[in-house]
Amino acid sequence: MLGTLDEHRLSMITEALTCVGPDKLRRSDAQPVEWAVADAPVDYPTALQIMRYRAAAVARGEASELVWLVEHPPLYTAGTSAGAADLLDPTRFPVYEAGRGGEYTYHGPGQRVAYLMLDLKTRGRDVRCLVQGLEGWIVDTLAGFNIDGELREGRIGVWVKQPGRKGGESKIAAIGVRVSKWVTTHGIALNVAPDLSHFDGIVPCGISDHGVTSLEDLGHLVSMPEVDMALRAAFEQRFGPTVSSSEALVTAA
(Lines give C-alpha, C1' and ligand atoms only; values in the text may rest on other atoms or scores of the structure.)
Protein backbone atom coordinates (compact mmCIF):
# COMPACT_ATOMS: atom_id res chain seq x y z
CA MET A 1 0.00 0.00 0.00
CA LEU A 2 1.26 3.49 -0.82
CA GLY A 3 1.90 5.84 2.08
CA THR A 4 0.57 9.39 2.17
CA LEU A 5 3.74 10.87 0.68
CA ASP A 6 3.91 8.32 -2.13
CA GLU A 7 0.24 8.84 -2.96
CA HIS A 8 0.82 12.57 -3.20
CA ARG A 9 3.93 12.15 -5.33
CA LEU A 10 2.02 9.79 -7.63
CA SER A 11 -0.73 12.38 -8.06
CA MET A 12 1.89 15.04 -8.82
CA ILE A 13 3.47 12.84 -11.49
CA THR A 14 0.08 12.03 -13.03
CA GLU A 15 -0.87 15.71 -13.04
CA ALA A 16 2.45 16.68 -14.60
CA LEU A 17 2.11 14.11 -17.36
CA THR A 18 -1.41 15.35 -18.12
CA CYS A 19 -0.19 18.94 -18.38
CA VAL A 20 3.22 18.76 -19.97
CA GLY A 21 3.90 15.23 -21.14
CA PRO A 22 6.97 13.40 -19.90
CA ASP A 23 9.49 15.56 -21.75
CA LYS A 24 7.82 18.91 -22.45
CA LEU A 25 9.91 20.85 -19.95
CA ARG A 26 13.13 19.25 -21.19
CA ARG A 27 15.13 20.58 -24.11
CA SER A 28 14.93 18.38 -27.19
CA ASP A 29 18.67 18.85 -27.77
CA ALA A 30 19.49 17.85 -24.15
CA GLN A 31 21.84 20.82 -23.80
CA PRO A 32 22.64 21.26 -20.10
CA VAL A 33 21.58 24.24 -18.02
CA GLU A 34 24.37 26.10 -16.28
CA TRP A 35 24.11 25.76 -12.49
CA ALA A 36 25.68 28.50 -10.37
CA VAL A 37 25.73 29.06 -6.59
CA ALA A 38 26.59 32.46 -5.13
CA ASP A 39 29.18 32.15 -2.37
CA ALA A 40 28.10 35.35 -0.57
CA PRO A 41 24.83 37.28 -0.11
CA VAL A 42 23.76 39.16 -3.24
CA ASP A 43 21.99 42.51 -3.02
CA TYR A 44 18.69 42.64 -4.86
CA PRO A 45 19.45 45.34 -7.47
CA THR A 46 22.57 43.40 -8.51
CA ALA A 47 20.55 40.20 -8.84
CA LEU A 48 17.97 41.97 -11.02
CA GLN A 49 20.65 43.42 -13.27
CA ILE A 50 22.40 40.07 -13.72
CA MET A 51 19.12 38.25 -14.39
CA ARG A 52 17.98 40.74 -16.99
CA TYR A 53 21.34 40.81 -18.74
CA ARG A 54 21.59 37.03 -18.88
CA ALA A 55 17.96 36.55 -19.95
CA ALA A 56 18.45 39.01 -22.83
CA ALA A 57 21.56 37.11 -23.91
CA VAL A 58 19.65 33.81 -23.76
CA ALA A 59 16.87 35.31 -25.89
CA ARG A 60 19.45 36.40 -28.48
CA GLY A 61 21.02 32.95 -28.50
CA GLU A 62 24.27 34.32 -27.10
CA ALA A 63 24.27 32.57 -23.71
CA SER A 64 23.17 29.27 -22.26
CA GLU A 65 20.30 28.85 -19.82
CA LEU A 66 21.11 29.40 -16.16
CA VAL A 67 19.88 28.44 -12.71
CA TRP A 68 21.44 30.75 -10.13
CA LEU A 69 21.15 29.98 -6.40
CA VAL A 70 21.52 32.93 -4.04
CA GLU A 71 20.78 34.27 -0.59
CA HIS A 72 19.85 37.93 -0.09
CA PRO A 73 20.24 40.29 2.85
CA PRO A 74 16.84 40.94 4.50
CA LEU A 75 14.49 42.75 2.13
CA TYR A 76 10.95 42.86 0.76
CA THR A 77 10.02 42.72 -2.91
CA ALA A 78 6.81 43.98 -4.47
CA GLY A 79 5.26 42.24 -7.44
CA THR A 80 2.98 43.93 -9.93
CA SER A 81 -0.13 43.06 -7.88
CA ALA A 82 1.24 44.24 -4.52
CA GLY A 83 -1.20 46.35 -2.50
CA ALA A 84 0.05 49.10 -0.19
CA ALA A 85 -2.01 47.74 2.71
CA ASP A 86 -0.01 44.50 2.62
CA LEU A 87 3.25 46.31 3.46
CA LEU A 88 2.72 46.35 7.22
CA ASP A 89 6.10 47.79 8.23
CA PRO A 90 7.57 49.81 5.35
CA THR A 91 10.65 50.90 7.33
CA ARG A 92 11.78 47.52 8.61
CA PHE A 93 13.75 46.40 5.55
CA PRO A 94 14.45 47.84 2.08
CA VAL A 95 11.56 47.40 -0.36
CA TYR A 96 12.22 46.80 -4.06
CA GLU A 97 9.98 46.67 -7.11
CA ALA A 98 10.53 43.18 -8.51
CA GLY A 99 9.06 43.48 -11.98
CA ARG A 100 7.43 40.05 -11.64
CA GLY A 101 3.85 39.02 -11.03
CA GLY A 102 2.49 38.50 -7.54
CA GLU A 103 2.48 40.54 -4.36
CA TYR A 104 4.89 41.14 -1.47
CA THR A 105 7.59 38.60 -0.66
CA TYR A 106 10.43 38.46 1.85
CA HIS A 107 13.97 37.37 1.00
CA GLY A 108 16.78 37.01 3.49
CA PRO A 109 19.48 34.83 5.05
CA GLY A 110 18.50 31.20 5.45
CA GLN A 111 16.21 31.27 2.43
CA ARG A 112 17.38 29.67 -0.80
CA VAL A 113 16.35 31.69 -3.83
CA ALA A 114 16.74 30.03 -7.22
CA TYR A 115 16.65 32.39 -10.19
CA LEU A 116 15.92 30.73 -13.52
CA MET A 117 16.80 32.01 -16.95
CA LEU A 118 15.22 29.29 -19.10
CA ASP A 119 14.36 29.45 -22.80
CA LEU A 120 10.75 28.32 -23.08
CA LYS A 121 11.02 28.26 -26.88
CA THR A 122 12.89 24.99 -26.32
CA ARG A 123 10.66 23.84 -23.45
CA GLY A 124 7.11 23.79 -24.77
CA ARG A 125 6.15 27.51 -24.72
CA ASP A 126 3.68 26.86 -21.89
CA VAL A 127 3.91 29.19 -18.89
CA ARG A 128 1.18 27.40 -16.93
CA CYS A 129 3.02 24.12 -17.25
CA LEU A 130 6.28 25.83 -16.30
CA VAL A 131 4.73 27.01 -13.02
CA GLN A 132 3.40 23.52 -12.40
CA GLY A 133 6.85 22.13 -13.10
CA LEU A 134 8.41 24.56 -10.62
CA GLU A 135 5.90 23.52 -7.97
CA GLY A 136 6.68 19.88 -8.66
CA TRP A 137 10.41 20.62 -8.44
CA ILE A 138 9.95 22.00 -4.92
CA VAL A 139 7.69 19.13 -3.86
CA ASP A 140 10.28 16.61 -5.09
CA THR A 141 13.05 18.48 -3.26
CA LEU A 142 11.10 18.46 0.00
CA ALA A 143 10.33 14.77 -0.39
CA GLY A 144 14.07 14.15 -0.22
CA PHE A 145 13.88 15.38 3.39
CA ASN A 146 10.69 13.41 4.14
CA ILE A 147 8.55 16.54 4.03
CA ASP A 148 5.17 16.29 2.33
CA GLY A 149 4.84 19.46 0.27
CA GLU A 150 1.37 20.07 -1.13
CA LEU A 151 -0.32 22.34 -3.68
CA ARG A 152 -3.50 24.32 -3.16
CA GLU A 153 -6.08 25.45 -5.70
CA GLY A 154 -5.80 29.19 -6.24
CA ARG A 155 -2.66 29.55 -4.10
CA ILE A 156 0.60 29.31 -6.05
CA GLY A 157 3.48 27.93 -4.04
CA VAL A 158 4.07 24.90 -1.86
CA TRP A 159 2.40 24.27 1.49
CA VAL A 160 2.79 21.90 4.43
CA LYS A 161 0.19 20.87 6.98
CA GLN A 162 0.82 22.33 10.44
CA PRO A 163 -2.05 21.54 12.82
CA GLY A 164 -2.37 24.23 15.42
CA ARG A 165 -0.93 26.94 13.18
CA LYS A 166 -3.01 29.63 11.53
CA GLY A 167 -5.21 27.96 8.92
CA GLY A 168 -3.76 24.54 9.78
CA GLU A 169 -1.06 24.81 7.15
CA SER A 170 1.85 27.06 6.22
CA LYS A 171 3.71 28.14 3.11
CA ILE A 172 7.25 26.81 2.81
CA ALA A 173 8.10 27.97 -0.71
CA ALA A 174 7.03 30.78 -3.03
CA ILE A 175 7.08 30.99 -6.82
CA GLY A 176 7.16 34.11 -8.96
CA VAL A 177 8.28 34.23 -12.57
CA ARG A 178 8.38 36.71 -15.40
CA VAL A 179 8.55 35.66 -19.05
CA SER A 180 9.80 37.98 -21.80
CA LYS A 181 10.55 36.81 -25.34
CA TRP A 182 9.91 33.29 -23.98
CA VAL A 183 12.81 33.54 -21.52
CA THR A 184 12.16 33.39 -17.78
CA THR A 185 13.50 35.48 -14.93
CA HIS A 186 12.91 35.29 -11.17
CA GLY A 187 11.97 31.82 -9.88
CA ILE A 188 11.46 30.18 -6.48
CA ALA A 189 12.22 30.87 -2.82
CA LEU A 190 12.49 27.94 -0.38
CA ASN A 191 12.54 28.63 3.35
CA VAL A 192 15.40 26.60 4.81
CA ALA A 193 16.20 28.38 8.08
CA PRO A 194 15.25 32.07 7.80
CA ASP A 195 14.15 34.24 10.72
CA LEU A 196 10.41 33.74 10.28
CA SER A 197 9.65 36.91 12.26
CA HIS A 198 10.99 38.86 9.27
CA PHE A 199 7.82 37.92 7.38
CA ASP A 200 5.77 39.93 9.93
CA GLY A 201 6.41 43.19 8.06
CA ILE A 202 4.25 42.09 5.10
CA VAL A 203 1.23 39.99 4.22
CA PRO A 204 3.20 37.34 2.33
CA CYS A 205 1.83 36.91 -1.19
CA GLY A 206 -1.35 38.67 -0.04
CA ILE A 207 -2.49 35.66 2.01
CA SER A 208 -3.39 36.63 5.58
CA ASP A 209 -5.17 33.49 6.79
CA HIS A 210 -2.09 31.22 6.64
CA GLY A 211 1.44 31.56 7.93
CA VAL A 212 4.91 30.64 6.73
CA THR A 213 7.25 27.87 7.79
CA SER A 214 10.68 26.47 7.00
CA LEU A 215 12.62 23.23 7.06
CA GLU A 216 14.10 24.30 10.40
CA ASP A 217 10.66 25.19 11.78
CA LEU A 218 9.49 21.67 10.82
CA GLY A 219 12.41 20.16 12.75
CA HIS A 220 14.70 19.47 9.79
CA LEU A 221 18.14 20.92 10.51
CA VAL A 222 19.89 20.72 7.15
CA SER A 223 22.66 22.79 5.63
CA MET A 224 22.26 24.99 2.58
CA PRO A 225 24.65 22.79 0.55
CA GLU A 226 22.46 19.77 1.36
CA VAL A 227 19.41 21.67 0.13
CA ASP A 228 21.29 22.73 -2.99
CA MET A 229 22.16 19.11 -3.79
CA ALA A 230 18.52 18.08 -3.41
CA LEU A 231 17.36 21.00 -5.57
CA ARG A 232 19.79 20.09 -8.32
CA ALA A 233 18.86 16.41 -8.38
CA ALA A 234 15.14 17.20 -8.46
CA PHE A 235 15.61 19.86 -11.15
CA GLU A 236 17.44 17.43 -13.42
CA GLN A 237 14.62 14.90 -13.10
CA ARG A 238 12.11 17.41 -14.50
CA PHE A 239 14.10 19.83 -16.65
CA GLY A 240 17.11 17.84 -17.83
CA PRO A 241 20.87 17.90 -17.24
CA THR A 242 22.87 20.67 -15.61
CA VAL A 243 26.53 21.63 -15.69
CA SER A 244 28.38 23.58 -13.02
CA SER A 245 29.07 27.15 -14.11
CA SER A 246 32.65 28.36 -14.13
CA GLU A 247 31.55 32.00 -14.37
CA ALA A 248 31.70 34.32 -11.34
CA LEU A 249 28.37 36.13 -11.71
CA VAL A 250 29.13 38.49 -8.81
CA THR A 251 32.61 39.78 -8.04
CA ALA A 252 33.32 40.56 -4.40
CA ALA A 253 34.02 44.20 -3.72
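The points below go from the whole chain to single residues.

1. Basis. This is a predicted model, in which local features need pLDDT of at least 70 and side-chain atom pairs count only at pLDDT 80 or more, while totals for chains, interfaces and linings use all residues. Residues are numbered from 1 along each chain as its sequence is written, and side-chain values use heavy atoms, with hydrogens and water left out.

2. Overall make-up. The protein chain has four helices and 12 strands (DSSP runs, H or I of at least four residues for helices and E of at least two for strands, numbered from the N terminus). Of its 253 residues, 50% count as buried (buried is under 20% relative accessible area, exposed over 50%, partly exposed in between, with a 1.4 Å probe and protein chains only). Among contacts (heavy atoms within 4.5 Å) with a separation of 6 or more, 72% are between residues 24 or more positions apart.

3. Salt bridges. The structure holds 15 salt bridges (a side-chain nitrogen of Lys or Arg within 4 Å of a carboxyl oxygen of Asp or Glu). One of them joins Glu62 to Arg60, with the closest N and O atoms 3.0 Å apart; Glu62 is exposed, at 55% relative accessible area.

4. A buried pair. Glu65 and Arg123 form a salt bridge at 2.8 Å, N to O. The pair links distant parts of the chain, 58 residues apart: Glu65 is in the loop between helix H2 (44–59) and strand S2 (66–70), and Arg123 in the loop between strand S6 (111–117) and helix H3 (127–143). Both Glu65 and Arg123 are buried.

5. Lys161 and Glu150 meet in a salt bridge of 3.8 Å, N to O. Lys161 belongs to strand S8 (residues 155–161) and Glu150 to strand S7 (residues 150–152), so the bridge ties together parts that are 11 residues apart in sequence. Through shared partners, salt bridges join Glu150, Arg152, Arg155, Lys161 and Glu169 into one network.

6. Leaving aside residues up to four places away in sequence, Leu134 touches Leu116, Ile175, Val177, Ile188 and Phe239.

7. Largest pocket. Which residues lie nearest the centre of the largest pocket? They are Gly101, Gly102, Ile175, Gly176 and Val177, out of 28 lining residues. On a 1 Å grid over the protein atoms alone, a pocket is an open set of points where a 1.4 Å probe fits, with protein on both sides within 12 Å along at least five of seven lines; lining residues have an atom within 4 Å of a point. The largest pocket has a volume of about 440 Å³ (the space filled by probe spheres set on the points, which are joined across faces, edges and corners). S9 gives the most to the lining, with seven residues.

8. Glu247 is in the segment after strand S12 (242–244) and is partly exposed, at 44% relative accessibility. Glu247 and Ala36 are 211 residues apart in sequence and 7.9 Å apart in space, C-alpha to C-alpha.
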